[in-house]
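Student: Can we go through this one together? I'd like to start with the charged residues.

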Amino acid sequence: MLKALLDVLYPPSCLACTKVLPSPEGFFCETCDTAVERLPPACCRTCAEPGAFPGDTCPRCRAAPPPFTRAWAPFAHEGPVARAIHRFKYEDHPNLAGPLGELLAGEAHSFLGRAPELVVALPLHKRRYHARKYDQAQLLAGALAKATERKAPVGLLTRHRETQRQVGLSEAERANNVAGAFAASSRVSGQRVLLVDDVFTTGATARAAASALLEAGAVQVEMLTLARAFSLE
């Protein structure tokens, strides 16, 4: 009854354009839904870089195999999905964590079938957290965990060194920017970890975070994000 009342007072809206939806079950309006781009079937089997590669492995993963076992995202970082993530991340809409977590859980159902049960968010530095007032990755990880009956404890991974935003940096600059930026708790020792974030681009941040988790004793790290950017030309 309470949910029905809330739907009347605050009707569900499109995650991208905010148009009121005819049903609370949807995530995007009809126009935005038709523009959503899913990750193409042809992609790197390790990092999900879109494209057809020899042996299904992209040049980046062949040259430097990542510390995580596999990474995947249901959507390309384009159009309505990119817009929804931007609203969630930069426009003060922490309330989008719930629906985005449910969306990710549904779209990644196959991936999650054999993914680790322990969900760990790729965290913000405390200074950026205080400026933004919330950690979007932690909120997304919590929503995903709730939707899939997993656990997403806070504090297993911390960003102990502040880094500049990765947007606009070259691949080498991205790697240097996040090198040694993370520390993991010994509580991950012996655990399989599902690392969660909003967008995967070159994977520099995911590599640094996964390395920290493995150094703390995690036995395996997998990576799941909402969206995957095309990062190889």
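Student: Is R228 buried or exposed?
Tutor: R228 is buried, because its relative accessibility is 1%. Buried means under 20% relative accessible area, exposed means over 50%, and partly exposed is in between, with a 1.4 Å probe and protein chains only. Keep in mind that this is a predicted model, where local features need pLDDT of at least 70, side-chain atom pairs count only at pLDDT 80 or more, and totals for chains, interfaces and linings use all residues. Residues are numbered from 1 along each chain as its sequence is written, and side-chain values use heavy atoms, with hydrogens and water left out.

Student: Which side chain does R228 meet in a salt bridge?
Tutor: That of E49, at 3.1 Å from N to O. A salt bridge here is a side-chain nitrogen of Lys or Arg within 4 Å of a carboxyl oxygen of Asp or Glu. The two residues are 179 apart in the chain, with E49 in the loop between α2 (30-35) and α3 (59-63) and R228 in strand β7. Helices (H or I, at least four residues) and strands (E, at least two) are DSSP runs, numbered from the N terminus.

Student: And E49, buried or exposed?
Tutor: Buried, at 0% relative accessibility. A network of salt bridges links E49, R60 and R228.

Student: How many salt bridges are there by that rule?
Tutor: Eight. One of them joins R150 and E117, at 3.5 Å from N to O. R150 lies in the loop between α8 and β4 (157-159) and E117 in the loop between α6 and β3, so this pair ties together parts 33 residues apart in sequence. R150 is buried at 12%, whereas E117 is partly exposed at 48%.

Student: What about E222?
Tutor: E222 forms a salt bridge with R192, 3.7 Å from N to O. E222 is in strand β7 and R192 in strand β6, 30 residues apart. E222 is buried, with a relative accessible area of 2%, while R192 is partly exposed at 34%.

Student: New topic, rings. How many aromatic pairs?
Tutor: Three. Rings of Phe, Tyr and Trp (its six-membered ring) pair if their centres lie within 6.5 Å; planes under 30 degrees apart are stacked, over 60 edge-to-face, and the rest tilted. W72 and F111 are stacked, because their ring centres are 6.0 Å apart and their planes are at 15 degrees. W72 is in strand β1 (residues 70-72) and F111 in helix α6 (residues 109-112), 39 residues apart.

Student: What sits over the ring of F111?
Tutor: The charged end of R70, 3.8 Å from the ring centre. The rule asks for NZ of Lys or CZ of Arg within 6 Å of the ring centre and within 35 degrees of the ring normal. F111 is buried at 6% relative accessibility, and W72 is partly exposed at 26%.
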